[in-house]
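Please look over the sequence and the model shown here before reading on. The report below is meant to be read beside them.

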Amino acid sequence: MRRVMLLCGGLAVAAAAAWIGESVSSPRAEVHAAQAAPAATPEMLAKIAEGSSQFQQKCSFCHGRDAGGGETGPDLTRSKLVLEDVNGNKIGEVVRTGRAGKMPPFDLSSAEMDAIAAFIHAQQAKAKAEGGRRGVNVEDLQTGNVAEGKAYFEGAGTCAKCHSATGDLAHIATKYQGLQLEQHMLYPRDAKSKATVTLPSGQVVSGTVQLHDEFFLGIVLADGTYRSWPVDKIKYTIDAPHEAHAKLFPHYTDADIHNLMAYLQTLR
(Lines give C-alpha, C1' and ligand atoms only; values in the text may rest on other atoms or scores of the structure.)
Protein backbone atom coordinates (compact mmCIF):
# COMPACT_ATOMS: atom_id res chain seq x y z
CA MET A 1 0.00 0.00 0.00
CA ARG A 2 1.37 3.28 -1.02
CA ARG A 3 2.30 5.48 1.85
CA VAL A 4 1.06 8.93 1.79
CA MET A 5 2.37 11.77 3.69
CA LEU A 6 4.89 12.01 6.29
CA LEU A 7 7.67 13.44 5.19
CA CYS A 8 8.79 16.36 6.13
CA GLY A 9 7.96 18.58 5.41
CA GLY A 10 10.37 18.25 6.68
CA LEU A 11 11.19 15.88 7.09
CA ALA A 12 11.42 15.77 5.49
CA VAL A 13 14.48 15.07 4.07
CA ALA A 14 14.98 18.27 3.92
CA ALA A 15 13.45 21.19 3.47
CA ALA A 16 13.90 24.36 1.72
CA ALA A 17 15.90 26.16 -0.75
CA ALA A 18 17.77 26.79 2.20
CA TRP A 19 16.99 23.31 3.21
CA ILE A 20 17.82 21.08 0.39
CA GLY A 21 16.72 23.18 -2.39
CA GLU A 22 17.93 26.13 -4.35
CA SER A 23 16.63 26.50 -7.74
CA VAL A 24 18.39 24.86 -10.49
CA SER A 25 20.37 25.40 -12.86
CA SER A 26 23.71 26.06 -14.17
CA PRO A 27 24.63 24.25 -17.38
CA ARG A 28 27.53 22.74 -15.46
CA ALA A 29 25.15 21.23 -12.90
CA GLU A 30 22.91 19.81 -15.61
CA VAL A 31 25.87 18.15 -17.26
CA HIS A 32 26.86 16.72 -13.90
CA ALA A 33 23.35 15.38 -13.35
CA ALA A 34 23.23 13.79 -16.77
CA GLN A 35 26.50 12.04 -16.07
CA ALA A 36 25.19 10.79 -12.74
CA ALA A 37 21.89 9.38 -14.05
CA PRO A 38 21.65 5.78 -12.77
CA ALA A 39 20.77 2.80 -14.92
CA ALA A 40 17.29 1.33 -14.29
CA THR A 41 18.54 -2.02 -13.06
CA PRO A 42 16.32 -4.24 -10.87
CA GLU A 43 18.55 -3.36 -7.94
CA MET A 44 18.18 0.37 -8.57
CA LEU A 45 14.40 0.08 -8.98
CA ALA A 46 14.19 -1.76 -5.67
CA LYS A 47 16.29 0.94 -4.02
CA ILE A 48 14.05 3.65 -5.43
CA ALA A 49 10.97 1.83 -4.14
CA GLU A 50 12.50 1.63 -0.67
CA GLY A 51 13.49 5.26 -0.93
CA SER A 52 9.90 6.18 -1.80
CA SER A 53 8.67 4.46 1.34
CA GLN A 54 11.23 6.27 3.50
CA PHE A 55 10.51 9.58 1.81
CA GLN A 56 6.76 9.32 2.42
CA GLN A 57 7.45 8.74 6.10
CA LYS A 58 10.10 11.34 6.69
CA CYS A 59 9.98 13.96 4.00
CA SER A 60 6.70 14.24 2.14
CA PHE A 61 4.85 16.46 4.56
CA CYS A 62 7.21 19.30 3.67
CA HIS A 63 8.40 18.35 0.20
CA GLY A 64 5.32 16.65 -1.20
CA ARG A 65 4.84 12.99 -1.97
CA ASP A 66 6.68 13.28 -5.25
CA ALA A 67 9.42 15.61 -3.94
CA GLY A 68 7.83 18.32 -6.07
CA GLY A 69 7.49 20.71 -3.14
CA GLY A 70 4.87 21.52 -0.54
CA GLU A 71 3.65 24.55 1.34
CA THR A 72 6.73 24.66 3.53
CA GLY A 73 9.40 22.71 1.70
CA PRO A 74 10.97 23.43 -1.68
CA ASP A 75 10.62 21.51 -4.90
CA LEU A 76 13.51 19.05 -4.69
CA THR A 77 13.16 18.14 -8.35
CA ARG A 78 14.48 21.62 -9.15
CA SER A 79 17.05 21.76 -6.40
CA LYS A 80 20.59 22.72 -7.37
CA LEU A 81 21.88 20.76 -4.40
CA VAL A 82 20.11 17.64 -5.61
CA LEU A 83 21.46 18.16 -9.10
CA GLU A 84 24.96 18.28 -7.74
CA ASP A 85 24.44 15.36 -5.38
CA VAL A 86 26.24 12.10 -6.10
CA ASN A 87 24.89 9.03 -4.32
CA GLY A 88 23.51 11.12 -1.47
CA ASN A 89 26.74 12.89 -0.57
CA LYS A 90 25.09 16.32 -0.43
CA ILE A 91 21.51 15.31 0.35
CA GLY A 92 22.72 13.14 3.22
CA GLU A 93 24.63 15.99 4.83
CA VAL A 94 21.52 18.19 4.90
CA VAL A 95 19.26 15.42 6.11
CA ARG A 96 21.55 14.39 8.93
CA THR A 97 22.41 17.90 10.14
CA GLY A 98 19.09 19.62 9.44
CA ARG A 99 18.55 23.30 8.82
CA ALA A 100 18.36 25.63 11.81
CA GLY A 101 14.78 26.68 12.41
CA LYS A 102 13.53 24.96 9.28
CA MET A 103 14.17 21.28 9.41
CA PRO A 104 15.15 18.79 12.11
CA PRO A 105 18.09 16.44 11.64
CA PHE A 106 17.26 12.84 10.84
CA ASP A 107 19.18 9.87 12.13
CA LEU A 108 19.14 7.57 9.11
CA SER A 109 21.22 4.56 8.28
CA SER A 110 23.48 4.66 5.24
CA ALA A 111 21.11 2.31 3.41
CA GLU A 112 18.07 4.47 4.20
CA MET A 113 19.86 7.62 3.12
CA ASP A 114 21.08 6.00 -0.06
CA ALA A 115 17.54 4.88 -0.90
CA ILE A 116 16.01 8.30 -0.24
CA ALA A 117 18.63 9.95 -2.43
CA ALA A 118 17.89 7.45 -5.19
CA PHE A 119 14.17 8.24 -4.95
CA ILE A 120 14.76 12.00 -5.10
CA HIS A 121 17.00 11.63 -8.13
CA ALA A 122 14.40 9.43 -9.81
CA GLN A 123 11.72 12.03 -9.15
CA GLN A 124 13.99 14.73 -10.47
CA ALA A 125 14.56 12.78 -13.69
CA LYS A 126 10.82 12.14 -14.00
CA ALA A 127 9.93 15.81 -13.49
CA LYS A 128 12.49 16.84 -16.06
CA ALA A 129 11.04 14.39 -18.56
CA GLU A 130 7.47 15.50 -17.89
CA GLY A 131 8.33 19.18 -17.72
CA GLY A 132 6.13 19.89 -14.72
CA ARG A 133 5.63 19.45 -10.99
CA ARG A 134 2.87 18.46 -8.58
CA GLY A 135 2.38 19.74 -5.09
CA VAL A 136 0.27 18.39 -2.25
CA ASN A 137 -3.34 19.51 -2.08
CA VAL A 138 -5.37 19.73 1.10
CA GLU A 139 -7.53 16.89 -0.23
CA ASP A 140 -4.47 14.65 -0.35
CA LEU A 141 -4.29 14.85 3.45
CA GLN A 142 -7.94 14.11 4.17
CA THR A 143 -7.88 10.36 4.00
CA GLY A 144 -7.77 9.38 7.68
CA ASN A 145 -10.39 8.25 10.17
CA VAL A 146 -11.54 10.95 12.60
CA ALA A 147 -12.64 8.59 15.39
CA GLU A 148 -9.40 6.63 15.26
CA GLY A 149 -7.41 9.84 15.18
CA LYS A 150 -9.19 11.09 18.30
CA ALA A 151 -8.57 7.78 20.02
CA TYR A 152 -4.88 7.94 19.13
CA PHE A 153 -4.66 11.56 20.30
CA GLU A 154 -6.16 10.70 23.67
CA GLY A 155 -4.51 7.30 24.02
CA ALA A 156 -1.54 5.63 22.39
CA GLY A 157 -0.22 8.81 20.81
CA THR A 158 -0.02 10.50 24.23
CA CYS A 159 -0.82 13.81 22.55
CA ALA A 160 -3.33 14.68 25.28
CA LYS A 161 -0.55 14.75 27.87
CA CYS A 162 0.61 18.08 26.47
CA HIS A 163 -2.27 19.29 24.29
CA SER A 164 -5.98 19.88 24.56
CA ALA A 165 -8.55 19.96 21.77
CA THR A 166 -10.39 22.69 23.66
CA GLY A 167 -7.25 24.48 24.88
CA ASP A 168 -4.09 25.12 22.90
CA LEU A 169 -5.42 23.29 19.85
CA ALA A 170 -8.84 24.88 19.81
CA HIS A 171 -9.57 26.15 16.26
CA ILE A 172 -6.19 24.86 15.07
CA ALA A 173 -7.74 23.76 11.77
CA THR A 174 -8.95 27.27 11.16
CA LYS A 175 -5.48 28.68 11.66
CA TYR A 176 -3.64 26.03 9.64
CA GLN A 177 -4.70 23.92 6.68
CA GLY A 178 -3.17 21.17 4.61
CA LEU A 179 0.57 20.77 4.86
CA GLN A 180 0.86 23.68 7.27
CA LEU A 181 -1.39 21.85 9.72
CA GLU A 182 0.50 18.62 9.23
CA GLN A 183 3.83 20.28 9.78
CA HIS A 184 2.53 22.03 12.86
CA MET A 185 1.44 18.65 14.15
CA LEU A 186 4.63 16.79 13.33
CA TYR A 187 7.28 19.44 13.86
CA PRO A 188 6.13 22.68 15.50
CA ARG A 189 9.36 24.49 14.83
CA ASP A 190 7.96 27.88 15.89
CA ALA A 191 6.88 26.66 19.31
CA LYS A 192 8.76 28.40 22.12
CA SER A 193 10.99 26.32 24.38
CA LYS A 194 10.60 26.58 28.14
CA ALA A 195 13.50 26.42 30.59
CA THR A 196 13.67 25.78 34.31
CA VAL A 197 16.83 27.14 35.92
CA THR A 198 18.26 26.34 39.33
CA LEU A 199 20.60 29.09 40.48
CA PRO A 200 23.64 28.56 42.74
CA SER A 201 21.57 29.98 45.61
CA GLY A 202 19.01 27.23 45.14
CA GLN A 203 16.38 29.57 43.72
CA VAL A 204 14.42 28.07 40.83
CA VAL A 205 13.10 30.25 38.01
CA SER A 206 11.44 29.37 34.73
CA GLY A 207 10.54 31.13 31.54
CA THR A 208 10.60 31.17 27.77
CA VAL A 209 13.97 30.58 26.14
CA GLN A 210 15.29 33.55 24.20
CA LEU A 211 18.94 32.56 23.98
CA HIS A 212 20.69 29.25 24.34
CA ASP A 213 24.10 28.41 23.06
CA GLU A 214 27.17 26.67 24.43
CA PHE A 215 27.95 29.65 26.67
CA PHE A 216 24.73 31.31 27.83
CA LEU A 217 21.09 30.66 28.59
CA GLY A 218 18.67 33.58 28.56
CA ILE A 219 14.97 33.40 29.38
CA VAL A 220 12.01 35.76 29.72
CA LEU A 221 10.14 35.31 32.99
CA ALA A 222 6.36 35.47 33.35
CA ASP A 223 6.56 39.16 34.31
CA GLY A 224 8.50 39.99 31.15
CA THR A 225 11.88 40.27 32.84
CA TYR A 226 14.83 38.97 30.84
CA ARG A 227 17.57 37.11 32.71
CA SER A 228 20.62 35.22 31.50
CA TRP A 229 23.44 33.19 32.99
CA PRO A 230 26.60 31.39 31.89
CA VAL A 231 25.50 27.79 31.41
CA ASP A 232 28.38 26.49 33.52
CA LYS A 233 27.10 28.45 36.54
CA ILE A 234 23.58 27.01 36.68
CA LYS A 235 21.61 23.81 36.42
CA TYR A 236 18.79 23.82 33.92
CA THR A 237 16.36 21.80 31.86
CA ILE A 238 14.77 22.83 28.58
CA ASP A 239 11.44 21.65 27.26
CA ALA A 240 11.66 22.06 23.48
CA PRO A 241 8.35 21.07 21.82
CA HIS A 242 9.81 20.65 18.34
CA GLU A 243 12.46 18.25 19.62
CA ALA A 244 9.88 16.23 21.52
CA HIS A 245 7.78 15.94 18.37
CA ALA A 246 10.79 14.93 16.28
CA LYS A 247 11.47 12.04 18.66
CA LEU A 248 8.03 10.67 17.85
CA PHE A 249 8.72 10.30 14.13
CA PRO A 250 9.97 6.69 14.33
CA HIS A 251 6.86 5.66 16.26
CA TYR A 252 4.22 6.91 13.83
CA THR A 253 2.61 4.65 11.30
CA ASP A 254 1.06 5.99 8.13
CA ALA A 255 -2.35 5.31 9.60
CA ASP A 256 -1.48 7.26 12.76
CA ILE A 257 -0.58 10.33 10.74
CA HIS A 258 -3.61 10.13 8.47
CA ASN A 259 -5.97 9.60 11.37
CA LEU A 260 -4.44 12.35 13.50
CA MET A 261 -4.70 14.74 10.59
CA ALA A 262 -8.32 13.78 10.07
CA TYR A 263 -9.05 14.49 13.74
CA LEU A 264 -7.16 17.77 13.88
CA GLN A 265 -8.98 18.97 10.79
CA THR A 266 -12.20 18.81 12.80
CA LEU A 267 -10.87 21.28 15.40
CA ARG A 268 -12.34 24.41 13.87
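## Basis of the model

This is a predicted model, in which local features need pLDDT of at least 70 and side-chain atom pairs count only at pLDDT 80 or more, whereas totals for chains, interfaces and linings use all residues. Residues are numbered from 1 along each chain as its sequence is written, and side-chain values use heavy atoms, with hydrogens and water left out.

## The five-stranded sheet

Five strands form an open sheet in the order β4-β3-β2-β1-β5, with antiparallel pairing; strands here are DSSP runs of E with at least two residues, helices are runs of H or I with at least four, and both are numbered from the N terminus, while two strands count as paired if DSSP finds at least two bridges between them. The edges are β4 (226–230) and β5 (235–239), each of which pairs on one side only. On average, and with direction ignored, neighbouring strands of this sheet are turned by 40° against each other, the axes being lines fitted to C-alpha atoms and the angles running from 0 to 180 degrees between N-to-C directions.

Strand β1 (residues 194–198) is joined to β2 by five antiparallel bridges, and the partner of Thr198 in β2 is Val204. The hairpin of β1 and β2 has five residues between the strands, and there Gly202 takes a positive phi near 100°. β1 also pairs with β5 over five antiparallel bridges, where Thr196 has Thr237 as its bridge partner. Strand β2 (residues 204–212) pairs in turn with β3 (residues 216–220) over four antiparallel bridges, with Leu211 bridged to Gly218 of β3.

In a regular strand the side chains alternate between the two faces of the sheet. In β1, Ala195 and Val197 make up the covered face, whereas Lys194, Thr196 and Thr198 make up the uncovered one.

## Nonpolar cores

A nonpolar core is a set of buried Ala, Val, Leu, Ile, Met, Phe, Trp, Tyr and Cys residues joined through side-chain atoms within 4.5 Å. The largest has 42 residues, and Phe55, Ile91 and Ile120 have the most contacts inside it. Among the helices that each supply at least two residues are α3 (42–58), α6 (91–97) and α12 (254–264), and the largest share, six residues, comes from α7. A second, separate core of eleven residues includes Leu199, Leu217, Ile219 and Val231.

## Two loop residues with positive phi

Ala67, in the loop between α4 and α5, has a positive phi of about 65° although it is not a glycine. At 0% relative accessibility Ala67 is buried (buried means under 20% relative accessible area, exposed over 50%, partly exposed in between, with a 1.4 Å probe and protein chains only).

Asn87 lies in the loop between α5 and α6 and has a positive phi near 55°. Asn87 is exposed, with a relative accessible area of 66%.
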